[in-house]
Amino acid sequence: MTTEPKTLTVYIDGPLNAQALGEVQAKIDDLDVQIGNIVVLDCTEMTYICSSGLRIFLAMHKDVTQRGAKLIIKGLQPLVKEVFDMTGFSQIFNFE
Amino acid sequence: MEKKLTIENKLEQLTLLSGYVEELCEELNLGPELVFNFNLVLEEAMTNVVMYAYPEGETHTIELTATLQGKELVFVLKDTGTPFDPTQVPDVDTTLSAEEREIGGLGIFLIKQIMDRVEYQYIDNHNVLTMAKNI
């Protein structure tokens, strides 16, 4: 019998600018990621991202992978996706 | 056309930026993509100054001016902090894997990607960063 992997979802709303970094980091730090989990960063409502936001995502990707789990980014808006493309982050992350 | 924004070197003052960009782009009739990109470019440039240009605890002003020169929209950012030329920061290698990627240099890289011309000068004890884009 196989069980579905457990999914943890983090929702990010509004602009991920310098002011929002602390709140987003706290949401991420609250996650209890275990081996085999799928962590979904739901960015459907995220209207903007700055380079510090990208750095938080990168650190999260490394941490989640190290714990034997998988990070998936969901619902990037087109202008935000362009920032991922410009910086090569589109090649690093898994998208849904 | 000239539009100015003066802020103190405090992170919370950067919240003034989005209103400034919104108004500027409305005056010039520019679309959401440029609003987004100018917000990003200016936040990156000004965050660097706020975070690194001055010793902690000191209050200074940072001045941003936008002028339209023909088809080129020119942003000039001036501060009196430690001389620093962000254009000399090596480009990030966008082909590296997550493990190999380094943490720094992303902000200035985005500025250079988005703008058509980025120049630095040190004039009369001021860092002067010029960031221009054809619109």
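Analyst: Contact here means heavy atoms within 4.5 Å. Helices (H or I, at least four residues) and strands (E, at least two) are DSSP runs numbered from the N terminus. The model is a predicted one, in which local features need pLDDT of at least 70 and side-chain atom pairs count only at pLDDT 80 or more, while totals for chains, interfaces and linings use all residues. Residues are numbered from 1 along each chain as its sequence is written, chains are lettered from A and ligands numbered from 1 in the order in which they are written, and side-chain values use heavy atoms, with hydrogens and water left out.

Between the chains, helix H2 (residues 51–66) of chain A meets helix H3 (residues 106–114) of chain B: their axes come within 9 Å and cross at roughly 125 degrees. Axes are lines fitted to C-alpha atoms, for helices over the stretch in contact, and angles run from 0 to 180 degrees between N-to-C directions. H2(A) and H3(B) are therefore oblique to each other, given that angles under 35 degrees count as roughly parallel, over 145 as roughly antiparallel, 65 to 115 as roughly perpendicular and the rest as oblique. From H2(A), Ser51(A), Leu54(A) and Arg55(A) touch Leu106(B), Gly107(B) and Leu110(B) of H3(B). This contact of H2(A) with H3(B) comprises three nonpolar, two polar and one charged residues, where Ala, Val, Leu, Ile, Met, Phe, Trp, Tyr, Cys and Pro are nonpolar, Asp, Glu, Lys and Arg charged, and the others, Gly among them, polar.

Over the whole interface, 24 residues of chain B contact 23 residues of chain A. The two chains bury about 2000 Å² between them, 65% of it on carbon and sulfur atoms; buried area is the accessible area (1.4 Å probe) that two parts lose on being put together, summed over both. Phe36(B), Glu43(B) and Leu106(B) provide 29% of the area that chain B buries against chain A, more than any other three residues. Salt bridges (a side-chain nitrogen of Lys or Arg within 4 Å of a carboxyl oxygen of Asp or Glu) between chain B and chain A number zero.

Within chain A, helix H1 (residues 21–29) packs on H2(A) at about 10 degrees, with the axes 11 Å apart. H1(A) and H2(A) are therefore roughly parallel to each other. Here Leu21(A), Gln25(A) and Ile28(A) of H1(A) meet Ser52(A), Gly53(A), Ile56(A) and Met60(A) of H2(A).

Within chain B, helix H1 (residues 16–27) and helix H2 (residues 32–52) pack at about 140 degrees, their axes 10 Å apart. H1(B) and H2(B) are therefore oblique to each other, and their crossing is right-handed.

Notes
Left-handed = near helix turned anticlockwise from the far one by under 90°.
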